[in-house]
Amino acid sequence: MADTVTLLIEPLPADDTATDLSATFREVDASAPALRVGELSTQRGDGIFETIGVVDGHAQETRPHLERLRNSARICELPEPNLAQWEAAIDRAVAALPSRGEFAVKLVLSRGIEHGPAPTAWLHASAAADFTAVRERGIRVVTLDRGYARDTAERAPWLLLGAKTLSYAVNMAALREAKRRGADDAIFLSSDGYVMEGPTSSVILRHGDVWSTPAPSGAILHGTTQLSLFEHLEATGRRTEYRDIPVSELERADAAWLVSSVRLAAGIVEIDGRPLAHDADETRALNDYLLSPRD
Ligand code: PLP
């Protein structure tokens with residue numbers, strides 16, 4: 001069984017239900033050249049992506065990820081993806097992976113070749129890093145100014161906020177800044193002082209018995225892991241809410257997490273150098289749920 005699988009995909013129009021889907025993707029060697037020099041994803045970061053966790057042969061939350069891919073395409077004015085085609089490609093990749101262990105499947109849809117007729121698409125599945133220790137021990141975070149106000153998405157739609165675009169250089173720079181400050185990760189704040197998200201994760205807080213996350217105003221990505229966890233928390237009798245969260249509420253939280261599709265729930269043990277109580281049992285319970293098969 002291969003530890004990585006790479007498929008090049010010929011994107012179909014969203015309304016194509018006639019084509020044999022398996023004939024629209026082909027496996028390639030990830031270490032061999034596959035993209036053209038004129039490719040706008042590499043030249044300009046002009047494209048969108050999704051990263052789906054795979055646990056013991058099951059791709060987690062495929063539909064919510066594909067719905068978000070479609071939403072990102074709409075925001076970026078890319079052709080609407082054919083979700084059945086993506087689903088078939090994901091199934092093919094997952095079937096080729098070992099049936100035990102954690103993997104990440106990355107989907108990419110780019111604007112294609114400059115002046116070219118069609119978007120480019122590919123999928124790459126690879127082994128996930130081992131996050132066992134991080135899930136147990138938790139993470140230290142720093143808060144970083146994201147540089148725009150909470151309502152920027154409506155005022156400046158050309159910033160493509162809320163789309164999962166390939167332009168992650170800023171997010172990676174924020175992680176480097178966090179490391180420089182002796183932390184593991186970051187929480188972005190809006191310029192008007194509200195909690196937004198991590199560079200690659202969503203923020204969840206617990207005050208007493210109320211779990212909260214920043215309202216998805218369009219300025220942040222709506223996380224599939226956060227959505228799934230809130231459904232689970234509500235189903236097990238906990239109270240959840242979406243709201244605007246001023247930065248002062250971070251330090252008053254009884255517990256806090258960064259959650260995302262592959263690392264899953266990481267408890268926050270320190271914010272800007274101040275210790276925060278880490279609810280290790282609760283984190284374990286959240287990750288037990290996140291590691292169970294989820295659709
Ligand atoms: N916010 C940002 C900016 C992200 O990049 C991610 C994931 O990569 C998330 C939130 C969490 O999303 P998900 O839970 O769907 O992985």
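A: Start with a term: a polar contact is a pair of N or O atoms within 3.5 Å. Keep in mind that this model is predicted.

Q: How far is an oxygen atom of the ligand from an N or O atom in the side chain of T224?

A: The separation is 2.6 Å. With the cut-off at 3.5 Å, the pair counts as a polar contact. T225 gives a side-chain N or O atom 2.6 Å from a ligand oxygen.

Q: What share of the ligand's accessible area does the protein cover?

A: Take the area the ligand has on its own, 390 Å². The protein covers 93% of that.

Q: How many residues surround the ligand, and which are the closest?

A: Count residues with a heavy atom within 4 Å. Here 16 residues surround the ligand. K164, Y168, T224, T225 and S261 are the closest.

Q: How do the shell residues divide into nonpolar, polar and charged?

A: Three are nonpolar, ten are polar and three are charged.

Q: Which helices each supply at least two residues of the shell?

A: Helix 2, spanning 62-75, and helix 7, spanning 224-235. The chain has nine helices and 14 strands.

Q: What radius of gyration does the chain have, and what would a compact globule have?

A: Compare the chain with a rule based on residue number. For 295 residues, a compact globule would be near 19 Å. The chain has 19 Å, so the two agree. Along the principal axes, its C-alpha atoms fill a box of roughly 55 × 45 × 35 Å.

Methods. Residues are numbered from 1 along each chain as its sequence is written. This is a predicted model: local features need pLDDT of at least 70, side-chain atom pairs count only at pLDDT 80 or more; totals for chains, interfaces and linings use all residues. Side-chain values use heavy atoms; hydrogens and water are left out. A polar contact is a pair of N or O atoms within 3.5 Å; within protein, one must be able to donate a hydrogen and the other to accept it, and residues adjacent in sequence count only if both atoms are side-chain atoms. Accessible areas come from the Shrake-Rupley method with a 1.4 Å probe; for residues, only the protein chains shown count as cover. Helices (H or I, at least four residues) and strands (E, at least two) are DSSP runs, numbered from the N terminus. Ala, Val, Leu, Ile, Met, Phe, Trp, Tyr, Cys and Pro count as nonpolar, Asp, Glu, Lys and Arg as charged, and the others, Gly among them, as polar. The radius of gyration is taken over C-alpha atoms; the globule rule is 2.2 Å times the number of residues to the power 0.38.
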